[in-house]
Amino acid sequence: MKHHIIVKFTEGTDVKALVEPVRKIFEETLCIPGIHAVDILLSNSDRANRYDLMIVMDMEKEALPAYDISAPHLRWKSEYGDRIAKKAIFDCD
């Protein structure tokens, strides 16, 4: 399945500066059995009503519980959670 995390950061956040640190965190999830690929996509639009970043994970559906409790996921939430204004999670086949 594809697990999408779509993020709108708080106003004033330097999103471009966050791309590589966020990428490093999510690349660590590749050690979790069933997670096959991670892609970090930066929006090419600066419109106020657009989200800033999309994280796309290719994983087995059964890997989702392990991801939820993983150190990288918990670090993502603790280090970046206060900078997130809005977030959408979308899973699909």
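This is a predicted model: local features need pLDDT of at least 70, side-chain atom pairs count only at pLDDT 80 or more; totals for chains, interfaces and linings use all residues.
Let's start with strand β1, residues 2-9, which pairs with β4 in the antiparallel sense over eight bridges. Pairing here means that DSSP finds at least two bridges between two strands. Helices (H or I, at least four residues) and strands (E, at least two) are DSSP runs, numbered from the N terminus.

Residues are numbered from 1 along each chain as its sequence is written, and side-chain values use heavy atoms, leaving out hydrogens and water.

Now zoom out to the sheet. Four strands make up an open, antiparallel sheet, in the order β2-β3-β1-β4. At its edges sit β2 (35-42) and β4 (84-92), each pairing on one side only.

On to the helices. Helix α1, residues 15-27, lies across β1, β2 and β3 (53-59), and runs at about 175° to β2. Helix α3, residues 71-80, packs on the sheet too, touching β1, β3 and β4, and its direction makes about 10° with that of β1. For those angles, axes are lines fitted to C-alpha atoms, for helices over the stretch in contact, and the values run from 0 to 180 degrees between N-to-C directions; contact means heavy atoms within 4.5 Å.

Which residues of α1 are buried? They are V15, L18, V19, V22, I25 and F26, where buried means under 20% relative accessible area, with a 1.4 Å probe and protein chains only. Their cover includes β1, β2, β3, α2 (64-68) and α3.

Please keep an eye on F26, which counts as buried because its relative accessibility is 1%. Rings of Phe, Tyr and Trp (its six-membered ring) pair if their centres lie within 6.5 Å; planes under 30 degrees apart count as stacked, over 60 as edge-to-face and the rest as tilted. By that rule there are three aromatic pairs. In one of them, the ring centres of F26 and Y67 are 6.5 Å apart with planes at 35°, so this pair is tilted. That pair links distant parts of the chain, with F26 in helix α1 and Y67 in helix α2, 41 residues apart. F26 also forms an edge-to-face pair with W76, at 5.3 Å centre to centre and 70° between the planes. Because F26 lies in α1 and W76 in α3, this pair ties together parts 50 residues apart in sequence. To finish, F26, Y67, W76 and Y80 form one aromatic cluster.

Key. Buried means under 20% relative accessible area, exposed over 50%, partly exposed in between (1.4 Å probe, protein chains only).
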